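Hello,

Please find the structure below. My notes on the interfaces follow it.

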Amino acid sequence: MRLFIKNATIVNSDGTKKANILIEDDKIAKITDENLDADKVIDATGKLVMPGLIDMHVHFRDPGYEYKDDINSGSEAAVAGGVTTVLPMANTNPVNDNAVITRDMIAKAKARGLVDLLPIGAISKQLKGEGITEMGDMLNAGAVAFSDDGLPVSSSDVMRAALEYTKHFGSYVISHCEDCSMCRSGVMHEGKVSAILGLKGMPREKEEIMVSRDMLLAKLTGGHIHIAHVSSQWSLKMIEMAKKEGINVTCEATPHHFTFTDENLMNYDTNFKMSPPLREITDKEAVREGLKSGLIDVIATDHAPHNVDDKFTEFDHAAFGILGLQTLVPLTLKLVEDGVITLEDMVRLTSKRPAEILNLKNKGAIEEGYLADITIIDPDIEYVYDENLNKSKSTNSPLFGKMLKGAAVVTIKNGKIVWDFPNLMA
Amino acid sequence: MSYKRKDLLGTRDLSSDELMFFLDYAKEFKNLNNQSIKKADNLRGKTVINVFYENSTRTRTSFETAAKRLGADAINFTASQSSTKKGETLIDTIHNMEAMKTDIFVVRHNCSGSVRFIAQNSNACVVNAGDGLNEHPTQALLDLFTIREHKGSFKGLNVSIIGDIEHSRVARSDIWAMKTLGINVTLFGPPMMMPNRVDAFGCRVAKNMEEAVEGADVIIMLRVQLERQGSSTPFPSTREYSKFFGLTKERVKLANKNPLVFHPGPINRGVELNSDVADSECSMVLNQVENGVAVRMAVLSTLIKNRG
């Protein structure tokens, strides 16, 4: 099978050029000025051709909460968002804390065949934070990293063991940073807006205390700590200091944290309720600056589907989290449009650095010999993100029903077209 | 009629005209309540349900009295004795009661924003009788009514709100309404009971009890909301609270001439308010209760007219 993409504007993290791409089977065979014969030709005039996006933080709710999303619907949402590799978190039911669940998740994704699914195993058994899981066994089964995401590991001793053990295997730990002794039923960022609304707040320091602890544990162990969904200015300051000290730390930011602030909560819209919460403009600006400077390694969506009933309720009772996979491209392109990052930075943040962190040698760039995971993006397309486009089983996004600009219009996985924006490529 | 809305959810977005309209209208009902036959027919044939997800004595009784004096069929719904205990959602409960052709819901709920959520999803009129830490608008209206009754106007008045500001929906509704009316508001309370970003309210913040009371025309003492504090104790002891944050007769002397002392009730005697103040002539506690019925009659009557 030969697929030919002509008139492509190829965006890699180190530069942009115009060329044609020949894909043979699952590989990028040739990047050329020539016009070549193929079984199928895609004219990418006016489009951006990027390496397939890698989302290092999603929730597919499978097994256990398949009514929110499952591996099939999650895979479909991923490719519709231009994402070809996903790392689903372990807070499933049963928890992905053993090799059997890990294997089952991978097998299900392979059967659907849309994305590479690289599971994140639990740090602790049943996410209880008390003892680490059989990480070696899970890595053999296909897990790539470990996290109790959603439930921070309160015990420093357990976190230390996790860092030491994953270092032994060349893996890493992802930390959801929250000092839960400060939780106090918080439902949003503690600040002016929470004071006005009378909603219980979560101070930045609740996150920063844990970031600080985890930096120190990484220093102690030499293990690799990856800080999930960084949301505060001081968290970033500490990560910057740790990086300068040579501590093995990476971090991610989500599109919602570089797009929205707590001001968006003024109408108690539960679709803006998330953890960590949307913070203030200074934090948002710090995240944007961190993306620009390279301090923040990757953009990850923290795609967190929730059934309508989980959100159509009192704010205090609503679930934390929003959809992210199908809004990743428009929100990141907005960063480009705002002049915060370049298109090359976008590739660095959404594909190149994730591939480096995950040690995936054949992903993260459009290069001859690399895997043909490719996302073709139309930066100018305007559309309503609605039930016609949504592939998730859930609709919990504040952007649902809104006009968006920019989308993945064709997604190619292993040399096969797995997503074609409706009524566009006909 | 200068209030055109379906619901009364808070005072934060009310204009000065809207606030004054309710206060003026409430005067008519206060006059009615002072007559031997306290009955009007503004709500005759209408159904008012008091939907209370939190325990309440005075607010619920006040609303019930107001509705009945206006001729409505007033029904009390208590969540602890309802299908809520069987897992029914808030909106399903509301829709079920709405299907019984309810005209007005008076709602108290322990979650901020929940009454707005109900109003957005119900065709009936909705009155906020206290939602979480957010607002309690009729309390603010009755406070304003009582202040105007005794002080004549709001011009140049200094009001001090003292106590558990963070957990007080009364404080929020009072602050928003008083600022709209040009009243000078001072806030004071234990640091653990003040919002971290108290500047959000745009009020003067006093450093101690003496500074808070000095020069005040009205002192609003808030109830210590022990039930909202969660598991952690926000202050060392009630003894210490009384010493540093309680209102005593001596401290009242620092206020302006003829100060008014308010408390939304129920009072924790000896904690936020000493009995020698609570039972003194400056105490407005029972006036507040009395005026609450008139204000709530004005609110219910207005909303039913707006509904048509």
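Contact, as used here, means heavy atoms within 4.5 Å. This is a predicted model, in which local features need pLDDT of at least 70 and side-chain atom pairs count only at pLDDT 80 or more, while totals for chains, interfaces and linings use all residues. Residues are numbered from 1 along each chain as its sequence is written, chains are lettered from A and ligands numbered from 1 in the order in which they are written, and side-chain values use heavy atoms, with hydrogens and water left out.

Chain B, between its domains

Domain bounds come from an automatic or database domain assignment. For chain B this gives domain 1 (16-135 + 289-307) and domain 2 (137-284). Their centres, taken over C-alpha atoms, are separated by 25 Å. In the contact, 27 residues of domain 1 of chain B meet 25 residues of domain 2 of chain B. The buried area (the accessible area, 1.4 Å probe, that two parts lose on being put together, summed over both) is about 2200 Å² here, and carbon and sulfur atoms give 62% of it. On the domain 1 side, Leu23(B), Leu133(B) and Glu135(B) lose the most area, together 29% of what that side buries.

A salt bridge is a side-chain nitrogen of Lys or Arg within 4 Å of a carboxyl oxygen of Asp or Glu. The rule finds three salt bridges across this domain interface of chain B. A polar contact is a pair of N or O atoms within 3.5 Å; within protein, one must be able to donate a hydrogen and the other to accept it, and residues adjacent in sequence count only if both atoms are side-chain atoms. There are 10 residue pairs in polar contact between domain 1 and domain 2 of chain B (both at pLDDT 80 or more).

Helices (H or I, at least four residues) and strands (E, at least two) are DSSP runs, numbered from the N terminus. Among the elements giving two or more residues to the domain 1 side are helix H1 (16-33) and helix H11 (285-307) of chain B. H1(B) gives the most, with nine residues.

Chain A, between its domains

Chain A is divided into domain 1 (2-49 + 370-425) and domain 2 (53-357), with C-alpha centres 26 Å apart. Here 34 residues of domain 1 of chain A are in contact with 44 residues of domain 2 of chain A. The two domains bury about 2900 Å² between them, 62% of it on carbon and sulfur atoms. Lys393(A), Asn396(A) and Pro398(A) lose the most area on the domain 1 side, together 23% of what that side buries.

The count between these domains of chain A is three salt bridges. Lys405(A) and Glu337(A) meet through their side chains in a salt bridge (3.6 Å, N to O). Polar contacts between the two domains of chain A number 16 residue pairs (both at pLDDT 80 or more).

Between the chains

The contact between the chains takes 25 residues from chain B and 21 residues from chain A. About 1900 Å² is buried between chain B and chain A, of which carbon and sulfur atoms give 55%. Two salt bridges are counted between the chains. Asp199(B) and Lys192(A) form a salt bridge through their side chains (3.6 Å, N to O). The rule also finds seven residue pairs in polar contact across the interface of chain B and chain A (both at pLDDT 80 or more).

Regards
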